[in-house]
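Take a slow look at the model below.

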Amino acid sequence: MQKPWPIKLLPLFPLLLFFFNFISKFLFLTEQGLGIDEPFTVYHAQFEFAEIIHYLGNYNNPPLFELLLHIWIKIFGISTLSVRFLPLLFASFCPVALFFFARNNLSLFAAIGSSALLSCSSLLTFYAHDCRVYSLFLLLCILSMDSFFKLIKGRKSEFTFVFFGVLLMYAHYFGIFILLFQGLFLLIFNRGKLLKFFYCYAAIFIFYLPHAYVLTIRLNDSVVNGTWLFPPDGINDLYNILWSFSNEPVVTVICITLLVSALLKLMAQRNFSNVPPATAMILIWFLLPYFGLFFISYAIPVYISRYLIFALPAYYILLVAAVNELLSEKVQRNIALMALIGMFVFTTDLNPDKKHDPAPAINMLARLKDQGTLVIVTPKDFLPTFAYHYNKNYFSGIQPGGEYNLADSLLKNDHVFLLNNVAELSAIDFAKYKKLMYFTAGNKKNPMTDNLTSSFRETNRIQFKDHYYLSVFALR
């Protein structure tokens, strides 16, 4: 008997998933300029491998993504399209990987539903448009989980499990959580496999040894000095994470209602003993980071959506599982799932606001600057971002043994000075210039602004979106 057409099309579903994600995420890929930490990532990726590893050891960035980006930009250059194309590819493969994981370990219903929800996630689109590690990190998390279950089922997957485990650790420090969750699952459900996995974990540890000291230093620094984040704001932050996972507030409320209703039904039926082990792993995968990192963040603040992105697939699987639990009729389940996917489709943001697009401001500065213009930029760590949009030749100015030295020198030769404090103004000979342009990223009222305003006549001040300010002063 001939198979119904949906079944016949099923082998094409992963391919359709990839192209849907690729096209939808490509549409606005270069709409906003590189900002926040993207120029930092691209800048360091220009160095050779040894120096990438050396310099990133001073920051909270394991080197895997920058090493891959180094190879990529050697071939395709450092344009916005080029450097964002790589995370776009990783993001486009994430729903495909989730489909295969859920189909192999849960059900076809879970596979289609969760991969469709992930495809319509505004958060995934945001990081498809972000030249950072997060789309790669998410992909590796899913692949690691898939190889983990293959190994549990007795397949010869030791190599892939170790391979993805090592890549996880070199991609993001939070990769260790995925390995810990897997270990916890083994202790609860598969103690007989512990010895088999012990050798795999030992191999991952050995391969990670070259970077273990850096991890220890970075962890100690976060414990002693804290992070750039603030402690959680109670239940508001718990809600905000789910909001970022669910696109819009109304969808968030519906998703919370689904999950709570399914939980209450399970409690009423006292049916927890019948929860399949794979579903238990999904619960661990979502609940431990969602609640665990929340409480950890009161001591070491890390509770932000991009740090929890590795729990995103588990969240979508749980939503589909909730639909399956609440509705017993197949037709009802399918309609409910289609409605849920529809809500994500209509609320997904194909061009999420990155909130920090410095390109318009820096491009205007470059147009207004002439030979007699002095430019002062604060803060100094804005150098990669400013140089990227001001002059890519300066941005590409790297030399062995000097992280920012050559780029900074090239900017100074063009009369552009990146400064941190008022005391550094004394090294500048203002008499050489006719005009001063002061560019600041952040608070327009600061000691540098006050000093320049009191010393020179301000002729114009322009405020750009995202807290970028450009002031023009007459020096003669």
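**Starting from helix 3**

In helix 3, the buried residues are E38, P39, F40, T41, V42, Y43, H44 and A45. Helix 3 spans residues 38-45 and is mostly covered, with 8 of its 8 residues buried. This is a predicted model.

What do the buried residues of helix 3 pack against? Their partners are helix 4 (49-56), helix 5 (64-76), helix 6 (80-105), helix 19 (383-390), helix 20 (392-395) and helix 21 (405-413).

Now step back to the whole chain. The protein chain has 22 helices and 5 strands. Its C-alpha atoms fill a box of roughly 85 × 45 × 45 Å along the principal axes. A compact globule of 476 residues would have a radius of gyration near 23 Å, and the 25 Å of the protein chain agrees with that. Buried residues make up 53% of the 476 residues. Among contacts with a separation of 6 or more, 76% join residues 24 or more positions apart. The accessible surface comes to about 22,100 Å². Carbon and sulfur atoms account for 65% of that surface.

Charges come next. The protein chain has 36 positive and 28 negative charges, and their mean positions are 8 Å apart. Side chains of opposite charge can pair when their charged atoms come close. How many salt bridges does the structure hold? There are 11 salt bridges in the structure.

One of them leads back to helix 3. K354 and E38 meet through their side chains in a salt bridge, at 3.9 Å from N to O. K354 lies in the loop between helix 17 (330-347) and helix 18 (359-368), while E38 is in helix 3, so the pair ties together parts that are 316 residues apart in sequence. Both ends are covered. K354 is buried, with a relative accessible area of 7%. E38 is buried too, at 0% relative accessibility. This pair also belongs to a network of salt bridges that links E38, R84, D130 and K354.

A second salt bridge joins D414 and K369, at 3.4 Å from N to O. D414 sits in the loop between helix 21 and strand 2 (416-418), and K369 in the loop between helix 18 and strand 1 (373-378), so this pair ties together parts 45 residues apart in sequence. D414 and K369 are both buried.

D221 forms a salt bridge with R218, and their closest N and O atoms are 3.5 Å apart. Why are D221 and R218 separated by about one helical turn? They are 3 residues apart in helix 12 (residues 194-225). An α-helix has 3.6 residues a turn, so residues three or four places apart point the same way. D221 counts as partly exposed, at 26% relative accessibility. R218 counts as buried, at 13%.

Finally, turn to the backbone. The peptide bond from T378 to P379 is cis, with omega near -5°. P379 lies in the loop between strand 1 and helix 19.

K355 has a positive phi of about 70°, although it is not a glycine. K355 is placed in the loop between helix 17 and helix 18. Is K355 buried or exposed? K355 is exposed, with a relative accessible area of 52%.

H415 also has a positive phi, near 65°, and is a residue other than glycine. H415 is found in the loop between helix 21 and strand 2. H415 is buried, with a relative accessible area of 18%.

Key:
Residues are numbered from 1 along each chain as its sequence is written. This is a predicted model: local features need pLDDT of at least 70, side-chain atom pairs count only at pLDDT 80 or more; totals for chains, interfaces and linings use all residues. Side-chain values use heavy atoms; hydrogens and water are left out. Buried means under 20% relative accessible area, exposed over 50%, partly exposed in between (1.4 Å probe, protein chains only). Helices (H or I, at least four residues) and strands (E, at least two) are DSSP runs, numbered from the N terminus. Contact means heavy atoms within 4.5 Å. The radius of gyration is taken over C-alpha atoms; the globule rule is 2.2 Å times the number of residues to the power 0.38. Accessible areas come from the Shrake-Rupley method with a 1.4 Å probe; for residues, only the protein chains shown count as cover. Lys and Arg count as positive and Asp and Glu as negative; His and the chain ends are not counted. The place of a charge is taken as NZ of Lys, CZ of Arg, CG of Asp or CD of Glu. A salt bridge is a side-chain nitrogen of Lys or Arg within 4 Å of a carboxyl oxygen of Asp or Glu.
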